[in-house]
There are 2 protein chains.
Amino acid sequence: MGSLESKQQLMEKIRCGDMTKPTSGFAPGFTQANLVILKKELAFEFLLFCQRNPKSCPVLDVSEVGSPVARTFAPESDLRTDIPKYHIYKHGEFVEETTDISEHWESDMVAFLLGCSFTFEEALIANGIGIRHNEEGCNVPMYRANIETEPAGIFHGQMIVSMRPIPRDQVVRAVQVTSRFPDVHGAPVHIGDPAFIGISNMAKPDFGQAVSINDGEDPVFWACGVTPQSVAMASKPELMITHAPGHMFITDVKNETLGVF
Amino acid sequence: MGSLESKQQLMEKIRCGDMTKPTSGFAPGFTQANLVILKKELAFEFLLFCQRNPKSCPVLDVSEVGSPVARTFAPESDLRTDIPKYHIYKHGEFVEETTDISEHWESDMVAFLLGCSFTFEEALIANGIGIRHNEEGCNVPMYRANIETEPAGIFHGQMIVSMRPIPRDQVVRAVQVTSRFPDVHGAPVHIGDPAFIGISNMAKPDFGQAVSINDGEDPVFWACGVTPQSVAMASKPELMITHAPGHMFITDVKNETLGVF
């Protein structure tokens, strides 16, 4: 994977429904993104929510109303078919998992692509900082923190954070490396004591799986892309479509181009 | 100026209409902002335009619909009175200059505060890089570049850029210093030959005044906060209210807190 040709082949397989696996590790180097599709009547409030909460909801791209194309990050895309698996929510309830949302698409829908931590994890690995949940073969542990998001319209709620254990002598470097990527959650929101942000039991994440924290490591917490989905679901919009967790949209943009310095 | 008390006194004078001068040099250290007020029906498209054009339209704050308060950057503010001078545009035409827009405010209006180059100019000066238009006592020269903005809805047009001559041995530092402040236009969009971005006559800026460029200096161009006003005006909304050029909104937020690293 990784060459332009193999990325094209991968995207074709995803488009026909032949690749329905989580996308972690596929098309290395290319930016992967969270998807949120809402009706236009909620688009302003959701975009405003993202503007007010840039760490948890960094907006990469917004489609034209009614257009299923990721206009800047993948101009040849069709967001109705180009993701391995979708989740459909009605009035905040999960109703269906599918590999193709063409029949659900309506002319007043807007698709939002939000940054995903895969981008900064690649940068951490390139800097010699291991990613524990990769090493342990599970999903990143995510917790509901007592950090309130800035509300906008109907959207409000607490921030979801992801946790990665980092050796103490690499914590500063981890802050530096992830600060370079504000469009994919950027610098951590907290280092150390989980109780400080209202997390009482590290062994029981609200999403994903728990990972081991070794002696000499601090838990480091980043704002998580599950926040906008969690917040949007809590607001019970009539219809919301997202990617299935871990089944991201693979854009045409290289991770490194999102680095700001 | 600069202490909290004197800033409060200044804001009271502005609120009663006793201070109607350009705000450059007032309340040093505090972030100043561009104002754009539109009706809610255009709010999504304008916010989307800003999201797609973060260098020219960095959004600092967006009011609630109908609320004239800068909710994050100045929670005690009243944006109908707290700016020295406003410009009112109807269908894209300038119709009135006033010190108070209370009688024009409507319950479906949304106020956008956008970053202003005063913040990064302060950082350049702190780094020993002089600001020519300050030295020559005039407004910064601004030019229409042949760089197309990313359109959103009715909003589209060319980027307006501001120009500051920088000694060649300080150009790299000027890039570094302004890169720290993405919320106030960030790094330059071009260094050197004006023709490369479609500027044919440096002596005739489209806005502001020309300044001298000395031997050993390069013209350096930044995306300019006049872009959103220019673009919004060109789209001829029924009603748009802005600050009068140079008469900015002074927020409660310190410039340095906008630095990202």
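Trainee: How many salt bridges are counted between domain 1 of chain A and domain 2 of chain A?

Mentor: This is a predicted model, in which local features need pLDDT of at least 70 and side-chain atom pairs count only at pLDDT 80 or more, while totals for chains, interfaces and linings use all residues. Side-chain values use heavy atoms, without hydrogens and water. A salt bridge is a side-chain nitrogen of Lys or Arg within 4 Å of a carboxyl oxygen of Asp or Glu. Between domain 1 of chain A (33-117 + 229-252) and domain 2 of chain A (118-227), with bounds from an automatic or database domain assignment, the count is 0.

Trainee: How many residue pairs are in polar contact across that interface?

Mentor: A polar contact is a pair of N or O atoms within 3.5 Å; within protein, one must be able to donate a hydrogen and the other to accept it, and residues adjacent in sequence count only if both atoms are side-chain atoms. With both residues at pLDDT 80 or more, the rule finds 18.

Trainee: Which element gives the most residues to the side of domain 1 of chain A that touches domain 2 of chain A?

Mentor: Helices (H or I, at least four residues) and strands (E, at least two) are DSSP runs, numbered from the N terminus. Strand 1 (30-39), helix 2 (40-52) and helix 6 (226-234) of chain A each supply at least two residues to this side. With 6 residues, the element giving the most is helix 2 of chain A.

Trainee: What area do the two domains of chain A bury between them?

Mentor: Buried area is the accessible area (1.4 Å probe) that two parts lose on being put together, summed over both. Carbon and sulfur atoms hold 59% of it, and the total is about 2,200 Å².

Key. Residues are numbered from 1 along each chain as its sequence is written. Chains are lettered from A and ligands numbered from 1 in the order in which they are written.
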